[in-house]
Amino acid sequence: MTHIAGPAKRHKTVQVNVGGVRVGGGAPIVVQSMTNTDTADVAATTQQVMALARAGSELVRITVDRDEAAAAVPYIKENLLKAGVTVPIIGDFHYIGHKLLADHPACAEALDKYRINPGNVGFKEKKDKQFGAIVENAIKHDKPVRIGANWGSLDQELLTHLMDENAKAPNPMDVRAVTREAMVQSALLSAARAEEIGLPKNRIILSAKVSAVQDLIAVYQDLAARSDYAIHLGLTEAGMGSKGIVASSAALGILLQQGIGDTIRISLTPEPGGDRSLEVKVAQELLQTMGFRVFVPLVAACPGCGRTTSTTFQELAKEIQGFIVDSMPGWKTQYPGVESLNVAVMGCIVNGPGESKHADIGISLPGTGESPAAPVFIDGKKAVTLRGATVAADFKQLVIDYIERRFGTGGEGRTAAE
């Protein structure tokens, strides 16, 4: 029997400082996101960056696609700082990044990192010159750079060259394998060129984004095996709703388990008018579920079955989860360490008491036909039995009391039993 003790040791990478946030080199895996506002709209972009930062995004990328957008960046940064929001801002450049950075030095200075796509930074004889111009700007302003190859905008000259070489090989690879190799080479060759120009390795992050799960896994495994640059993970064009969440979690989960990845983004297509910060929540939940980071207290709840025909435990689980999410902004400063709390809300006697004992605080509600009593377990021991119409309010108060005792001033690290 194979025993899985936990995640593999993290792939050793060089650490990069992005506006005060450490990426790679053994630092905690960083969550990032991207706005979908028109960057030229200073107010809208400022508000969305603030919302993403409040949701827990530790880096936020914005599109810088034209002069109006580049001109807006310093004002966005100024507004954020005035509001006390210090999240680092990344400029996403395609096609004319070299020109925008040169024409808008205030933008170049305000950004905390630049993102370059080697597949569209320039074409033919202009490619090296325009790539070099962006790198030189990064050196001048002391900024890190993410060199991000993308399956949908791959360097066609490189791909054609590798396809021609493959066709001559005695045992040619399939087209997808050659395309994956082109992705890896595009990132590595561009990084080597950036170092030649003078950008140090500790200011370079690589990514190689693909939209198919198996291709993404193969590309990043190869990229990690062939370099020690800090790595950004993300499944590009992941999709909407559950499809995007499942695809991203499957791909990134495997890579993270193998120790690959220093910063991640879950690229979800939002519903019309949907909440952009959902991608931040999913990224946090993925990292916390896998044991890499701790962001918010976990609420364990059973899925329900024929023994739980009442919706009481579902309603209580939802209420407690919402209560925790709403309370976390204040709790983070008032109760250091509260994010490690585990709460269980169970629905019947089969697994309820056992799961509740494993949680810091848990309640086992009565199932169909069971006695109308709800035992509460604190630090593995039965503490009280709740009954009547006020069970939900009583349990919520017990959670608050527990948090105060364990994480409140002078109580950090204590348990209720102590």
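Which elements each supply at least two residues of the lining of the second largest pocket? They are β7 (145-150) and β12 (268-269), strands being DSSP runs of E of at least two residues, numbered from the N terminus. This is a predicted model, in which local features need pLDDT of at least 70, side-chain atom pairs count only at pLDDT 80 or more, and totals for chains, interfaces and linings use all residues. Residues are numbered from 1 along each chain as its sequence is written, and side-chain values use heavy atoms, with hydrogens and water left out.

**Confidence**
- The chain averages a pLDDT (the predictor's confidence in each residue, from 0 to 100) of 91, and 96% of the residues score at least 70.
- Over residues 411-418, pLDDT stays under 50.
- Where pLDDT is low, the predicted coordinates should not be read in detail.

**Contacts of Leu 252**
- Beyond its neighbours within four places in sequence, Leu 252 has contacts (heavy atoms within 4.5 Å) that include Leu 216, Leu 233, Ile 264 and Leu 286.

**Residue classes in the pocket linings**
- The lining of the largest pocket has 11 nonpolar, eight polar and five charged residues.
- In the second largest pocket, the lining has three nonpolar, six polar and eight charged residues.
- Here Ala, Val, Leu, Ile, Met, Phe, Trp, Tyr, Cys and Pro count as nonpolar, Asp, Glu, Lys and Arg as charged, and the others, Gly among them, as polar.
- A pocket is an open set of points on a 1 Å grid over the protein atoms alone, where a 1.4 Å probe fits, with protein on both sides within 12 Å along at least five of seven lines; lining residues have an atom within 4 Å of a point.

Terms used:
Helices (H or I, at least four residues) and strands (E, at least two) are DSSP runs, numbered from the N terminus.
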